[in-house]
Amino acid sequence: MLKVEKLNKKELDEYCTSLGIDIKKKKKSELIDAVYAHEREIINQAIANDDCLALLKEKICKLADEYAGNLKSKIVARKEEMKGDDNSHYLIYRVLGIPHDEGVLIDEYQNTGRFLYKYAGSFLEEAATLCMFFSNSQGGKTLVENTIGTKPKTFEIDFLNGNDAVELKWRDATTDGDHITKEHTRVKAIKSHGYKPVRVMFYYPQREQAIKIQETLKTIYAGVDGEYYAGDEAWDYLKAVSGYDLKAILVEIANKRDQEVTND
């Protein structure tokens, strides 16, 4: 449910209807509020029944199934589309010592890998948000005005947890120097609204230039009295603030997937 901000009005209407929410004469913002209220009610009931962890696991499993299904569809469609590609450039691959069959696999993985990286990031960030929402159902995505410059007009906080403006990233391997300037502006703007910027990145980049960017970002966060967590520290932070061990839940789902593949 936490991706509702990304839905267009028609998709949101259908989603709300599936939840039993009355959509008549309601604007998109009102429907989003209604979805959050609906989920808060479910979580409060789970708290009362002392089965929040079971509900969270159920929702993350459902989310994983949804992402897996969409990812598979994208990959199948792209592979089908690639059957009609002009592969005359394989001549150059062969000149460079890459055999035809290996070139086919490289192109196939290069095309489908883009979908995998995109879906992996979105899924993990959404699952992490779910954990935080289960611990603080009053928190959530928040927009703040850019008080430092004019572009963009606003910055999005992935999850405003009390006074902590948490940015959730699955991995940031950018090597673009402009990224530092943009992030510096973002954290200063968030700080000007009285919030503490907190960056949580689950997987650290492995290439030298990308690591340098992250080291600079860590310094920027420290400079505004913010917090920066990466790798194991990010998983530990999420567990500490939410009370839920997302990594353990994901390992459980991954092992189940592996077993399903083995059984097939």
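What relative accessible area does Lys 79 have?

Analyst: Lys 79 has a relative accessible area of 36%, so this residue is partly exposed. Buried means under 20% and exposed over 50%, with partly exposed in between (1.4 Å probe, protein chains only). This is a predicted model, where local features need pLDDT of at least 70 and side-chain atom pairs count only at pLDDT 80 or more, while totals for chains, interfaces and linings use all residues. Residues are numbered from 1 along each chain as its sequence is written, and side-chain values use heavy atoms, leaving out hydrogens and water.

Lys 79 forms a salt bridge with Glu 108, with the closest N and O atoms 3.7 Å apart. A salt bridge is a side-chain nitrogen of Lys or Arg within 4 Å of a carboxyl oxygen of Asp or Glu. Lys 79 sits in helix H3 and Glu 108 in helix H5, 29 residues apart. Helices (H or I, at least four residues) and strands (E, at least two) are DSSP runs, numbered from the N terminus. Glu 108 is partly exposed too, at 22%.

Now compare another pair. Arg 186 and Glu 167 meet in a salt bridge at 2.9 Å, N to O. Arg 186 lies in helix H6 and Glu 167 in strand E3, so the pair ties together parts 19 residues apart in sequence. Arg 186 is buried at 8%. Glu 167 is buried at 12%.

Both belong to a network of salt bridges that also links Asp 172, Glu 183 and Arg 199. Within it, Arg 199 forms a salt bridge with Glu 183, 3.5 Å between the closest N and O atoms. Arg 199 is buried at 0%, and Glu 183 at 5%.
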